[in-house]
Amino acid sequence: MNISVVVPIQVASPEFLIYLEHLPLCIGALHRQVAPCEVVLVDYNSAPQYKDAIAAIGKKCKCVHYQCEDRIWSRGRSLNVGIRNSSGQFILFVDSDCIV
């Protein structure tokens, strides 16, 4: 694929659950674009009770999924992880609550 889209997500507390609800819509919209793309989902600093739900959404939506563990990650660092693990010639970034 020529295009990789990095989608960082953080669900740290119940106030962030809206991101979890929007994630399938975001990924679905990316897969419906004219040009096929690889979606790289990077979970950073999510609370343990939400990590499995994010992983399940990533698997169901056929994303490349990376879970950042063992450290407190910034959004910037999660984007860098997404870049390093992308295979596309072009790399785009989209927030998890955006429908493109």
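**Contacts along the chain.** I began with sequence separation. Of the contacts in the chain with a separation of 6 or more, 77% join residues 24 or more positions apart. I note that this is a predicted model.

**Elements.** Next I went through the secondary structure. I found three helices and four strands in the chain. Read from the N terminus, the order is β-α-β-α-β-α-β.

**Overall dimensions.** I looked up the radius of gyration and got 12 Å. A compact globule of 100 residues would be near 13 Å, so the chain agrees with that expectation. I then took the spans of the C-alpha trace along its principal axes: about 35 × 25 × 20 Å.

**Surface and burial.** I checked how much of the chain is buried: 42% of the 100 residues. The chain exposes about 5,700 Å². Carbon and sulfur atoms supply 56% of that area.

**Charges.** I counted 9 positive and 9 negative side chains. The centres of the two sets lie 7 Å apart.

**Serine 46.** I turned to the loop between β2 (37-43) and α2 (48-60), where serine 46 lies. Is serine 46 buried or exposed? Its relative accessible area is 6%, under the 20% cut-off, so serine 46 counts as buried. I followed its side chain next. A polar atom of that side chain lies 2.9 Å from the backbone nitrogen of valine 11. The side chain of serine 46 also makes a polar contact with the side chain of aspartate 43, at 2.5 Å. I then listed the contacts of serine 46, leaving aside neighbours within four places in sequence. They are Ile9, Gln10, Val11, Ala12, Lys51 and Ile54.

**Asparagine 45.** I stayed in the loop between β2 and α2, which also holds asparagine 45. Its phi is positive, about 60°, although asparagine 45 is not a glycine. Most residues other than glycine have a negative phi. I read a relative accessible area of 21% for asparagine 45, which makes it partly exposed.

**Proline 36.** I moved to the loop between α1 (17-31) and β2, the place of proline 36. Proline 36 has 59% relative accessibility. The cut-off for exposed is over 50%, so proline 36 counts as exposed. I checked its distance to asparagine 2, which is 34 residues away along the chain. Their C-alpha atoms are separated by 8.0 Å.

**Glutamine 33.** I found glutamine 33 in the loop between α1 and β2 as well. Glutamine 33 is partly exposed, at 37% relative accessible area. Its side chain reaches the backbone oxygen of alanine 29 at 3.1 Å. I also looked up valine 100, 67 residues from glutamine 33 in sequence. From C-alpha to C-alpha, the two are 8.5 Å apart.

**Serine 86.** My last stop was the loop between α3 (75-84) and β4 (90-93), which contains serine 86. Where does the side chain of serine 86 reach? I traced it to the backbone oxygen of glycine 82, at 2.5 Å. I again left aside neighbours within four places in sequence and listed the contacts of serine 86. They are Ser4, Val6, Glu38, Val40 and Ile91.

Definitions and conventions: Residues are numbered from 1 along each chain as its sequence is written. This is a predicted model: local features need pLDDT of at least 70, side-chain atom pairs count only at pLDDT 80 or more; totals for chains, interfaces and linings use all residues. Side-chain values use heavy atoms; hydrogens and water are left out. Helices (H or I, at least four residues) and strands (E, at least two) are DSSP runs, numbered from the N terminus. The radius of gyration is taken over C-alpha atoms; the globule rule is 2.2 Å times the number of residues to the power 0.38. Buried means under 20% relative accessible area, exposed over 50%, partly exposed in between (1.4 Å probe, protein chains only). Contact means heavy atoms within 4.5 Å. Accessible areas come from the Shrake-Rupley method with a 1.4 Å probe; for residues, only the protein chains shown count as cover. Lys and Arg count as positive and Asp and Glu as negative; His and the chain ends are not counted. The place of a charge is taken as NZ of Lys, CZ of Arg, CG of Asp or CD of Glu. A polar contact is a pair of N or O atoms within 3.5 Å; within protein, one must be able to donate a hydrogen and the other to accept it, and residues adjacent in sequence count only if both atoms are side-chain atoms.
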